[in-house]
Amino acid sequence: MSIENFRMSGYSRIFVLLLGLNATASEGKPNVLFLIVDDLRPEIPAYGKHNVQSPNIERLASEGVVFENAYANVPVCGASRASLMTGIRPTANRFVGYRARIDEDAVNAKTLFGYLKEHGYFTESIGKVVHFSDDSANGWSTKPWLPRLDEKREKDTGHRDYQLAENIRSFLKNRKGPAYEAADVPDNTYYDGKIADRAVASLVKLKQSDKPFFLAIGFLKPHLPFNAPKVYWDLYPEGDITLSINPLFPKRAPKEAWHDWGELRKYAGVPPVPELMPDDLARNLIHGYYASLSYSDAQIGKVLNALDELDLADNTLVFLFGDHGWSLGEHSLWAKHSPFDVATHTPLIVRVPGGKTTGSTKGLVEFIDIYPTVLDLLGLAGLEQLQGESFSDQLKDPDAPGKQAVYPRWRGGEVIKTKDFALTEWFDDRGQVKARMLFDHRNDRDETINLAEHPNYTDVIEGLHQQLLAMIASR
């Protein structure tokens with residue numbers, strides 16, 4: 001879409017979407033709130049799954065639009081967030097790993113938060129928003145805030161929560177403590193509770209401001225380690241925890257799709273490569289993931305309640321999303337770091353002020369679409385750097401079509417996903433396909449059988465291959 005067409009569509013849509021605002025809309029532009037949840041699977045009731053208790057996310061879902069087929073562009077936190085905040089696709093040399101930085105990989109790009117700051121917004125980052133808090137920090141109106149380590153508690157328990165950005169390097173180099181913990185402590189003993197407290201306090205201050213705000217809040221859980229107060233662990237009886245129904249590596253899948261879940265291997269008690277996960281430990285890890293997600297959900301509830309109590313909800317766009325998915329034993333894998341659907345498919349829920357449009361939309365979207373959508377909803381002009389497309393049509397009408405295809409990638413694997421198929425291709429140094437993986441989502445949503453060599457799919461593969469090559473050439 002050209003910038004001129006984008007600008008025209010943006011201004012036309014803003015009047016339709018924001019007619020429901022109350023009187024506060026006349027006092028200024030709508031606020032924007034991002035609620036970012038690390039490693040978030042669509043394993044919640046809003047997505048038809050009932051293993052996890054997440055009442056606050058469900059409340060938001062009931063008041064907004066649930067994007068059933070939303071995909072991160074790369075399944076690792078730093079790269080995903082950098083891509084999302086610039087609206088630029090990852091490539092083999094850009095936004096690659098967890099240490100990806102905007103100010104190194106896309107030096108001249110305008111971040112979403114920086115662009116909004118230029119247009120009069122007070123921009124604030126609380127928790128894990130971009131991977132390194134000093135990345136493109138001039139785009140924030142105030143210094144990004146992360147909770148500090150509680151040194152006394154670390155000494156007392158012998159257990160560390162390594163999710164602060166400044167500790168991430170040592171986390172990946174050294175084997176750490178247990179991968180889960182259920183201490184009988186208040187919510188704000190752990191980081192997400194501190195993040196929620198800080199966010200609520202910030203909203204109180206922002207209420208008094210004469211500027212609209214862009215507030216991005218990054219909750220750390222359910223990222224490893226799966227630490228949550230015991231009250232959330234107790235929501236899930238041990239006998240109710242079940243293992244993945246899809247524990248086997250897909251039939252005929254290439255070795256390129258495999259990884260040894262090194263992120264998890266570093267924790268005490270997790271077996272070394274190449275051993276598989278024992279069932280008892282797998283159940284404990286799944287239990288810990290569920291508890292951590294319910295803990296994060298409770299913190300999200302505190303922020304949403306504050307938004308209501310401060311009379312800010314009727315003039316605030318709310319986006320809730322994960323930075324990517326996570327494997328809990330599917331395909332015999334754990335963590336993210338794969339091209340499989342379970343690693344790139346993640347929730348996206350958007351609430352537009354006024355609440356006139358609710359429901360679920362099945363149309364495909366990808367996370368580079370979030371930046372242009374925010375600009376569209378705010379009536380701001382687009383930028384040439386943006387490689388995504390606004391999905392505001394789906395916010396007006398959930399039955400509106402999404403994209404024909406989305407394009408995640410992981411390391412050497414380039415992916416194209418349509419409503420029916422997922423094709424991953426790995427290329428050699430000459431640009432020739434050296435490995436390929438095709439799943440037919442119409443009858444194999446769990447991606448159990450690689451059909452890349454099946455003669456009935458030759459034409460499908462060739463069509464998807466050409467679309468994928470065209471996208472790669474355009475980046």
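Reply: Two strands count as paired where DSSP finds at least two bridges between them; strands (E, at least two residues) and helices (H or I, at least four) are DSSP runs numbered from the N terminus. By that criterion, strand E2 (residues 65-67) and strand E13 (residues 348-351) are paired in the antiparallel sense, over two bridges. Val-66 has Ile-349 of E13 as its bridge partner.

The model is predicted, with local features requiring pLDDT of at least 70 and side-chain atom pairs counted only at pLDDT 80 or more, whereas totals for chains, interfaces and linings use all residues. Residues are numbered from 1 along each chain as its sequence is written, and side-chain values use heavy atoms, leaving out hydrogens and water.

The E2-E13 pair belongs to an open sheet of seven strands, ordered E4-E7-E1-E10-E13-E2-E14, in which the pairing is mixed. Its edges are strand E4 (122-127) and strand E14 (359-361), each of which pairs on one side only. From one strand to the next, the twist averages 15°. Helix H11 packs on this sheet, touching E1, E7, E10 and E13, and its direction makes about 170° with that of E1. Contact here means heavy atoms within 4.5 Å; axes are lines fitted to C-alpha atoms, for helices over the stretch in contact, and angles between N-to-C directions run from 0 to 180 degrees.

Helix H3 (residues 77-86) also meets strands of this sheet. Its buried residues pack against strand E1 (31-37), strand E7 (213-219) and strand E10 (316-322), and also against helices H4 (102-105), H5 (112-118) and H13 (370-378). Ten of the ten residues of H3 are buried, among them Cys-77, Arg-81, Leu-84 and Met-85. The term buried denotes under 20% relative accessible area, exposed over 50% and partly exposed the range in between, with a 1.4 Å probe and protein chains only. Gly-87 follows H3 and has a positive phi, near 70°.

A further open sheet comprises four strands in the order E16-E17-E18-E19, with antiparallel pairing. Strand E16 (409-410) and strand E19 (433-440) are its edges, each pairing on one side only. Strand E17 (residues 413-417) and strand E18 (residues 421-427) run antiparallel and are joined by five bridges. A hairpin of three residues leads from E17 to E18. Within this pair, Glu-414 has Glu-425 of E18 as its bridge partner, while Lys-417 stands opposite Ala-422 in E18. Helix H15 (residues 458-474) packs on the sheet, touching E17, E18 and E19, with its direction at about 60° to that of E18.

On the other pairing of E18, seven bridges link it to E19 in the antiparallel sense. Trp-426 has Ala-435 of E19 as its bridge partner. E18 and E19 form a hairpin with five residues between them, and Gly-431 in the turn has a positive phi of about 85°. E18 is mostly covered, six of its seven residues being buried.

These sheets sit within a protein of 15 helices and 19 strands. Of its 475 residues, 61% count as buried. Among contacts between residues at least 6 apart in sequence, 72% join residues at least 24 apart.
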